[in-house]
Amino acid sequence: MSLLQVESLSKKFDGLNAVDDLSFDIQPGAVHSIIGPNGAGKTTLLNLLTGIYRPSGGRIVFGEYDLTGRAPYEYAGHGIARTFQNLQVFFNMSALENVMVGRYLHERCGLASALLRGPRLARAEKVCRDEAAELMRYVGLRSYLSVAADAMPYGALKRLEIARALATKPKLMLLDEPAAGLNPTEALELDDLIGRLSERGVTVVLVEHNMRLVMGVSNHILVLDYGRKLAEGSAAAIRNDPKVIEAYLGSAVAHEDPVGGPSASAVAVAGEARR
Amino acid sequence: MPKQYSAPGSQGKGERDMSAQFMQYLLTGLTVGAIYALVALGFSIIFNASHVINFAQGEFVMIGGMVTMSLAGTGLPYLLAIPLAVVAAALVGLALEKFAVEPARGASVVTLIIITIGASIFLRGLAMLVWDKKLHALKPFTGDTPIAVAGATILPQSLWVLGVTLVIVLALTWFFSRTLFGKAILATSHNRLAAELVGINVRMVLFFSFGLSAALGAIAGILIAPITLTSYDVGVMLGLKGFAAAILGGLGSGIGAVIGGLALGVAEIMSAGYLSSAYKDAIAFVIMLAVLFFMPSGLFGKRGGERI
Amino acid sequence: MPPHLASARTGGMAALATVIALLPLALSNNYFYDIAILVGLNAIVCVGLNLLIGYAGQISLGHAGFFGLGAYGSAILASRYGWPPLAAMLTTTLAVAVLAFLVGRPILRLKGHYLAMATLGLGVIIFMVITTEDKFTGGPDGIAVAPFSVGGLVLQGERIWYWLVGALLLVAVWLALNLIESPMGRALRALHSSEVGAEVVGINAADHKVMVFVISAVFASVAGSLAAHYSGFVTPGKVTFLHSIELVTMVVFGGMASTFGAVVGAAVLTTLPQLLTVFKDYEMMVFGAVMMGTMIFLPRGVVPSLARLFQPRRQEASGKEGGA
Ligand SMILES: Nc1ncnc2c1ncn2[C@@H]1O[C@H](COP(=O)(O)OP(=O)(O)OP(=O)(O)O)[C@@H](O)[C@H]1O
Ligand SMILES: [Mg+2]
């Protein structure tokens, strides 16, 4: 049975179809990538899949639960976690506390016990702290254990979001451009991290422009263009799909782009893809 | 009502009374509403330019009325006293921007709110020193013989209020749509960074917007003083209600401020007349809360949330 | 819990307890006791308000309304209807909690300026109801309040009240510190920084905001009830918009997201007007100027700004140690 079923999902922003009648399935295990030119609707799709946006139409079924129209915290409660293209780090806390917040669902306590701080809560807090520290080491943030989030470099913050998402113990993890802004060494480390996530039993959905990363780690790729599914299949099949090459390169060569013209980065990415 | 069973003609008369009364409430409401509209416009101009909610807006209203009262008291004709009072208020507005808002650029919403409230307390304290705690009257601009309008009466001063408000709204419309400086203000409110990039002097825009908005507040204070009297603390209620009007219309929308102000004035007077005057001052806030609960962007405000 | 947090917590509590215990040595007459009690009551409100504003990042310009509801609820039930004061206070607190819960949900959907305006409107409406319903509240003239008593034991006199308020302040601070360091407190700080970020790890932001709003309203209401019984009289003066602003200023002055900062803010800004009376006619101007000045020059508030001041010095010291 598929882990996630998306059925003719749509999202309109005053006339613009950011996601347009999109259907696909995500099988449990493995790494699935979603690629597409800038503005293709990838982030919008992730926002829909985490309840941040309410769909204009269609359904989102996770396991046996129809989550369409639910609030983001309910998606999290069912085991969907994510990171953000525009970081949503808690900059008013330490790095460790950021990850501890991620354990909220598993450490929730009543108001009375929070106010009175019973011995049980104190013990649970210790466990929470230890596990958060463990997760930070796992994603390679060992040296940031006692650092304030607002004093961390960009690359470390991206990992911090991954650690925070992992702390929720997700079944499905959505990563929105985790390699963007990373230097080549950091990007290489990311390959390894994503591989380990998958081994941990977490199904990964990767939205990425870095084709080396995508082609290297994905078992399955979905290509979006103008909010619609352009192609779907294995890395090898996608690499050689003429429609995909057309979408990345063709818009610059073949036809005038009705929305905004192809962005430089899309072409650059296409260049990478051909390499 | 027993009246309805009396002579046939009286029903018509009763109806006429009814409509005359309605007319009276409407005229009074519009007059009060025009003042709220001017105050709300002042809020909107500053909010647009700087995203600061200026809680000292009401004090500009007070300064306008009190300075005019003092100058007129020395025998100066209104033709001189009024422009001087408006200039005085504008200078206070500029000083507020220069010495209180500008140094706190980038501060949080709460901090800016406390700064402008501190400024309003400071200005009230100053007014108490310069003048006193008493109520002061201002002579109407052109006599006080009521004029009959459709069965109701209207004071000449009310006509001044409505007329001047109309002129100001037209002038502001022209200013924001036709002059370069007005467009610069609009551009800044839309996207500050982009405005800076195309060479707009954003600091100048902020500075100027405080002066303009203070002048508007002062005009409101001068117009209304002959009707309601003035004192060192008239600004408190007028400021808050102007605020409610701005929210009703949609924070930052010029047309919204005007419609919101008029609607609030009429609603206030009507509910005081037909329901109960005990809660006259509360109406504005009840309406404001209702708007915020059910239509958070107001009648004409921009909709839409942040992007993730 | 790392040792430094534990020490800041217990150390801070111990310091506050010491100050409360030793302060009477410096209080030479009832007037000073009176000010100290006012400080304590305001500090209780501010500790609660700081949870809402400083930690959860939700502004309220209407908390004098909850303070006033507490004061008048106790006054009316205890004096007009002869309820035992403790029962009157608990019933009032419960009613305020229910009210805050009901209005909290729609109000806290708003953000920033809109939230500020809505809470302001709420406070002003409460004020107007209190001044208008004079049959119950005595209108602008106010109403006398029976002294506080528990089971026949009447609490009267500044000295008794000093210890009562001091003890309650310690309890309030302890509860606030506990909450902040619990998963719930972390959730509040998280949604302050990023509401989406909090939601996607499973935090129901709306529920948490309402909860902390209710808690802060309860703190204000209890302080209001106590203030009414202590002074034996309530007037609408403490329910005004201006008083709401004073409370927020105390929180911001002391330092947002600092529980001890809230106490310091309450202490400074409650005593300030007493000191300013020497300025006589200039009092209001000076108060306004102080408000502006501290916000412009110490936008983080006194306690965090002082903490920063000492921070670099400490680093320097440790650097020297390393070099030696
Ligand atoms: N909140 C919003 N309101 C209006 N339009 C939006 C909103 N969010 C996204 N859009 C529009 O929807 C389209 C898809 O945007 P989206 O951010 O999903 O693209 P993307 O595939 O993530 O692009 P990128 O690779 O640049 O991150 C774009 O045209 C964008 O301008
Ligand atoms: Mg994107």
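**Entry 1: domains of chain A**

Into which domains is chain A divided? I looked this up before anything else, keeping in mind that the model is predicted. Domain 1 takes in 1-79 + 170-275, and domain 2 covers 90-168. So much for the bounds; next I wanted the contact between the two parts.

On the domain 1 side I get 19 residues in contact, and they meet twelve residues of domain 2 of chain A. The two domains of chain A bury about 1,300 Å² between them, with carbon and sulfur atoms giving 63% of that area.

While in chain A I noted the salt bridge of R159(A) with E189(A), whose closest N and O atoms are 2.6 Å apart.

**Entry 2: confidence in chain A**

How far does the predictor trust chain A? The average pLDDT is 86, and 90% of the residues score at least 70. Residues 251-275 of chain A are another matter, with pLDDT below 50. That stretch still has 28 contacts in the model beyond near neighbours in sequence.

**Entry 3: strands in chain A**

I followed β4 of chain A, residues 57-62, to see what it pairs with. Strand β1 (residues 4-13) runs antiparallel to β4(A), and five bridges join them. In that pairing S10(A) stands opposite G57(A).

β4(A) also pairs with β5(A), residues 65-66, again in the antiparallel sense, over two bridges. Here F62(A) stands opposite Y65(A). How many residues lie between β4(A) and β5(A) in their hairpin? There are two, and G63(A) in the turn has a positive phi of about 60 degrees.

I counted salt bridges over all chains and got 25.

In chain B I picked out E59(B) and R124(B), which meet in a salt bridge at 3.1 Å, N to O. E59(B) is in helix α2 (residues 57-73) and R124(B) in helix α4 (residues 109-130), so I have a pair that links distant parts of chain B, 65 residues apart. Are these two residues buried or exposed? Both E59(B) and R124(B) are buried.

Then on to chain C, where E195(C) kept turning up. The side chain of E195(C) meets K111(C) in a salt bridge at 3.5 Å, N to O. K111(C) is in the loop between α4 (85-107) and α5 (112-132), while E195(C) is in helix α9 (residues 195-199), 84 residues apart. K111(C) counts as partly exposed because its relative accessibility is 42%. E195(C) is partly exposed as well, with a relative accessible area of 25%.

E195(C) also meets K209(C) in a salt bridge, at 3.2 Å, N to O. K209(C) lies in helix α10 (residues 205-231) and E195(C) in helix α9, so this pair ties together parts of chain C that are 14 residues apart in sequence. Why does K209(C) count as buried? Its relative accessibility is 2%, and the cut-off for buried is under 20%.

Last, back to chain B: salt bridges that share partners join K241(B), E268(B), K280(B) and D281(B) into one network.

Technical notes:
Residues numbered from 1 in each chain as written. Chains lettered and ligands numbered in written order. Predicted model: local features only at pLDDT ≥ 70, side-chain atom pairs only at ≥ 80, totals over all residues. Heavy atoms only, no water. Pairing = 2+ DSSP bridges. Helix = DSSP H or I, 4+ residues; strand = E, 2+ residues; numbered from the N terminus. Salt bridge = Lys/Arg side-chain N within 4 Å of Asp/Glu carboxyl O. Buried < 20%, exposed > 50% of the residue type's maximum accessible area, 1.4 Å probe, protein only. pLDDT = per-residue confidence, 0-100. Contact = heavy atoms within 4.5 Å. Domains from an automatic or database assignment. Buried area = accessible area lost by both parts, 1.4 Å probe.
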